[in-house]
Amino acid sequence: MELYKNQSLKIYNTLSGEKETFTPIHDGNIGMYVCGPTVYSNVHLGNVRTFMSFDVIFRYLLHLDYKVRYVRNITDAGHLTDDGDIDNDRFVKQSRLEKLEPMEIVQKYSVDFHKVLDSFNFLPPTIEPTATGHILEQIELTQKLIDLGFAYESNGSVYFDVFAYNQKGLNYGELSNRNIDELFANTRDLDGQSEKKNPQDFALWKNASPAHIMRWNSPWGEGFPGWHLECTAMSTKYLGETFDIHGGGMDLKFPHHECEVAQGKACNGHSPVNFWMHTNMLTMNGLRMSKSTGNYILPMELVSGENSFFEKPFEPNIVRFCFLQAHYRSVLDISNDAMVASEKGYNRLMESYKLIPSLKASATSSLDIVSWKQSCYDAMNDDFNTPILIAQLFEGARFINLINDGTATLTTEDIQLLASTLSNFLFDVLGINNSAAGNSNTSEKLKGVVEMLIEMRNEARANKNWALSDEIRDKLLALGIIIKDGKEGTTFSV
């Protein structure tokens with residue numbers, strides 16, 4: 001059908017700082033790369049927000065009938081928090097902490113990552129490569145940068161030479177709008193303190209100390225790749241020297257994505273990406289989420305209700321609906337009030353949607369469904385504006401209620417158009433789980449049965465029959481139904 005040819009999509013490009021009309025490099029085909037997780041710990045809620053944004057972008061591009069190759073990597077080696085200290089390798093630190101092999105850490109948290117994303121109804125990427133699966137490509141890329149004069153070896157490590165890059169008329173700092181010449185001028189001489197020529201240089205390959213567990217052979221000795229190199233190696237391999245979209249959280253803009261721009265331009269003589277996209281932060285109760293401050297919650301703790309921030313569990317569809325009410329480039333703040341409001345709005349929208357099969361058709365239409373449908377596309381075509389789209393979906397729900405009340409009319413054809421548009425945008429584009437949408441992840445009959453069992457459990461507890469109380473709780477848990485006792489009574493989630 002090639003729906004994309006009838007739509008004018010604009011995307012905010014971080015590189016230019018403006019919304020630009022999107023035209024793919026190859027007609028009808030899109031290459032998109034998104035920086036994936038570093039699997040040394042549980043995926044956090046901010047990550048889920050970023051990946052959800054790109055899940056919706058992926059879904060909308062597919063809806064427009066593009067053929068999309070979506071590559072999202074897994075970083076399972078080489079993620080240094082400081083180029084100058086190999087003891088800051090996060091995988092090595094976590095393996096020591098948990099007394100596991102590094103690849104056991106990788107497996108444990110890769111499984112967690114996929115389980116969490118599955119629970120929120122994410123589409124899988126087309127390709128999900130790993131850093132350890134592309135060591136050869138990273139070594140080859142490092143050697144090419146040395147041969148071209150953009151990198152140098154020092155004590156078995158290899159660094160990208162930012163000064164040499166700028167001296168050749170290129171501009172390290174163009175993506176993040178940093179003036180690197182000023183940084184050079186204001187940097188003190190570090191001779192004797194570092195194996196780098198300049199503090200701004202970043203690691204392509206690091207020499208492994210005798211105690212370092214993750215190591216591979218290379219022309220420069222045993223070592224491991226730097227963090228920034230893997231994405232250039234894998235995006236080039238699967239999407240080519242220049243591709244359409246590269247995405248990630250705004251925290252990756254510098255230095256990670258800036259380094260990718262430099263590596264790509266240095267290797268191939270041109271920019272590696274046409275559109276750079278960055279999601280904004282997730283905060284909770286108006287504060288940055290941080291383990292150190294205690295203002296922190298894991299995704300499944302929000303779903304299960306096992307936390308001290310929210311009054312009740314919130315199902316994945318509710319969380320997804322809440323997140324998408326903020327534009328991906330805006331800060332999203334979650335709170336108990338925000339989640340409760342999202343749940344009410346979501347339920348109101350779905351209750352209206354369920355009325356569609358009972359709507360009676362008329363000979364004429366008093367509502368302009370064609371224009372309303374286009375307004376849904378206009379919202380998504382304006383840099384994937386999900387808040388405006390959701391507002392339009394509520395307008396569609398209002399139409400349903402007007403028709404159901406007999407105060408507006410639609411023809412059979414327009415009712416079908418209203419139904420298909422709502423379905424397409426709710427389930428295909430926004431990614432609401434259709435199988436769970438009609439009744440908040442459980443049938444009304446099942447809900448009644450569970451509530452009856454909760455009453456039996458409460459009675460058992462009142463009678464101090466702890467064995468029966470625990471048996472009911474454990475059997476429900478075995479069925480995937482989580483019971484939570486709180487001040488307002490007992491609640492459950494699926």
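Start by selecting aspartate 55 and arginine 320: they form a salt bridge, with the closest N and O atoms 2.4 Å apart (a salt bridge is a side-chain nitrogen of Lys or Arg within 4 Å of a carboxyl oxygen of Asp or Glu). Aspartate 55 sits in helix 1 (residues 45-63) and arginine 320 in helix 10 (residues 316-323), so the pair ties together parts 265 residues apart in sequence. Helices here are DSSP runs of H or I, at least four residues, and strands are runs of E, at least two, numbered from the N terminus.

Before moving on, note that this is a predicted model, where local features need pLDDT of at least 70, side-chain atom pairs count only at pLDDT 80 or more, and totals for chains, interfaces and linings use all residues. Residues are numbered from 1 along each chain as its sequence is written, and side-chain values use heavy atoms, leaving out hydrogens and water.

Now colour by accessibility: aspartate 55 is buried at 2% relative accessibility, and arginine 320 is buried at 0% (buried means under 20% relative accessible area, exposed over 50%, partly exposed in between, with a 1.4 Å probe and protein chains only).

Next, jump to helix 13 (residues 386-405), where glutamate 395 and arginine 398 are three residues apart, about one helical turn. Their side chains meet in a salt bridge (2.8 Å, N to O). Glutamate 395 is partly exposed at 27%, and so is arginine 398 at 40%.

Last stop: lysine 354 and glutamate 351, another salt bridge, with closest N and O atoms 3.0 Å apart.
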